[in-house]
Amino acid sequence: MSIAELESRELQLEPSAGGLWSDAWRRLRHNRGAVIGLVLVGTFVFVAIFAPLIAPEDPRFQDLSRLGGSCCPGPSADHWFGIDALGRDELSRILYGARYSLLIGVVSVAVGLSIGLVFGSIAGYVGGAVDSVIMRLTDIMLSIPGFLLAIGIVAMLGPGLIQIMIAVGVTQIPIFARLIRGSILAQRDNDFVLAARSVGVPKRTILSSHILPNAISPVIVQGTLALATAIIDVAGLGYLGLGPQDPSTPEWGTMLTDTTRYLQTAPHLAIIPGVAIIMSVLGFNLIGDGLREALDPKLRGRG
Amino acid sequence: MLRFVVRRLLLLVPILLGLSLLVFFWIRALPGSPATALLGERATAQAIEALNKQYGLDKPVHQQYFAYVKQLGSGNFGTSQTSRRPVFEEFKQRLPATIELAVSAMLFSVLIGVPLGFLAAKRYGSFFDQFSLVASLLGISIPIFVLAIILKYVFAVKLGWLPTVGRMSVLINIEHPTNFYTIDALLAGDLEAFWDVIKHLILPAIALGSIPLAIISRITRASVLDVQNEDYVRTARAKGVPPRTVDGRHILRNALLPIVTIIGLQTGLLLSGAVLTESVFAWPGIGTWLVEAIEARNYPVLQAGILFIAVIFVLVNLLVDLSYGLLNPRIRLS
């Protein structure tokens, strides 16, 4: 058998396998959970972007006369999600709240991911004492439960929107750093790295254009799941009153803060933002799980 | 085994030192200097200098850090700014409430999560299996405090079956020698009080246990699926071991290792979940203590509180690692 024949044979064995990404996308589309996740996240992103066009009112507009002497009017034809304790339209606040949750989630994961990426790849590629120092540092950070670490950082920086983004981002640094280090260690001794090294490719280029692209898929999965965690943590910090200090900010967690007082008369004020948080978190979790399966090299070419 | 324990304990030292360093610099990065916090904004320069000298704040940073570690070593964790009581004393008084809550939450999640995951794996692909997967996905997607609020609304406010806040009804009066109210009630021999304490525990424990429940059932399912196709399980079946014994002795025992890991990890994480749960149910534990400290900018409490929790977290993880040795003789040898 000639070499050409062998090659044509191999090509026949993998007829449908396009690139890693088109293959993964195809499998993601066939995963029912992931599709639901995409719809949920798609809606969430759409609402976040077009909130000013969809929302019936300014989320900060107050009209106490609408309360009618009690707290608080429930859903009605004019106000689908009811009125909150300060006479604001709950639907508008929920719609605008999507902006905050999305923004906070993306920024904090970006903080954690980028810093984790730098430290993790240095640790994994350089190795030795540098690796030990970075790994011990992550050990220490991981020895404080993430949410408490975030509380500690907020106490240091003071409450506020930007502060909670940083705090939640910092708690994710060690997770990403370890993940990337492990992934790089697994790639470092591959043949293509050896080949690149033997033809004299500089270390930095090997790391950035040979190792990282191959080590990235677990990071994408973790990044998606981290968005879910970030939204939960940020809502939790907001609920504790550590979020935006301007109480008119329509952040979902902050909106829940005082609602336990009105549970008897106005349960919708607690349940609606709660459901909004659950839906967005669920969406990211579903996509993350779907991606994990879709990017698993053991399953490539199937589905 | 002893060498293993000693080595693990030695590994604690750098982690604890690192933690103390982190907390030390954290407290120094907080807004406002200790002198102005104690003396007020309008203190004279001399007064500030005198105070800095008195507390050693004029010394170089590394000396301050050594002094701080020495102070920690002698068991002095500072004084709460609001109550003027030693921080450690307050911590000891509040810890039982949080432990009681965390243990109940863990019991709830293990007692339901392990059988749920086991049955799901045994009926792989069935409706029950699908249901358990969806339920566990929902479990990790619902923030603890949202679930806590929903539970409180349904079972406490709407149905009125369970109390809304606190650890015990105000009408009941018993002695509190241990501050574990369940134990206190039993010591007093007061069954009515005991039932009252249990009723107060149910909702917070379910809320706090929801995430561990979801994760434990998921891991149990995956682990049992892995183990039940092993050769030794087939051998046991082939030689006619009763199914019940195979389930218990061959499958569950071997599937237990990852389950124990996750239980340990989750126990540590319960401490941070407790902050939110306690705040919804006005539970007088470590969580509300920390939240109150944040609101009042009570830094000594925050500093020591976070240090204590980190130490507990590390110790729990150590216990988990040690329990591997008991469950898996292969690790004990190496």
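The model is predicted: local features need pLDDT of at least 70, side-chain atom pairs count only at pLDDT 80 or more, and totals for chains, interfaces and linings use all residues. Residues are numbered from 1 along each chain as its sequence is written, and chains are lettered from A in the order in which they are written.

Start with the interface. 39 residues of chain B are in contact with 35 residues of chain A (contact: C-beta atoms, placed from the backbone, within 7 Å). Helix 11 (243-280) of chain B gives the most to chain B's side, with eight residues. Helices are DSSP runs of H or I, at least four residues, numbered from the N terminus. By class, that side has 33 nonpolar, five polar and one charged residues. Nonpolar is Ala, Val, Leu, Ile, Met, Phe, Trp, Tyr, Cys and Pro; charged is Asp, Glu, Lys and Arg; the others, Gly among them, are polar.

Now the helix pair. Helix 12 (residues 268-294) of chain A packs with helix 6 of chain B at about 120°, axes 9 Å apart. That makes helix 12 of chain A oblique to helix 6 of chain B (under 35 degrees is roughly parallel, over 145 roughly antiparallel, 65 to 115 roughly perpendicular, the rest oblique). Residues in this contact include Ile278(A) and Leu137(B).

Last, the loop. Asn173(B) lies between helix 7 and helix 8 (181-187) of chain B. Buried or exposed? Asn173(B) is exposed, because 10 other C-beta atoms lie within 10 Å (buried is 20 or more, exposed 12 or fewer, partly exposed in between).

Methods: Contact = placed C-beta atoms within 7 Å. Helix = DSSP H or I, 4+ residues; strand = E, 2+ residues; numbered from the N terminus. Axes fitted to C-alpha atoms, helices over the stretch in contact; angles between N-to-C directions.
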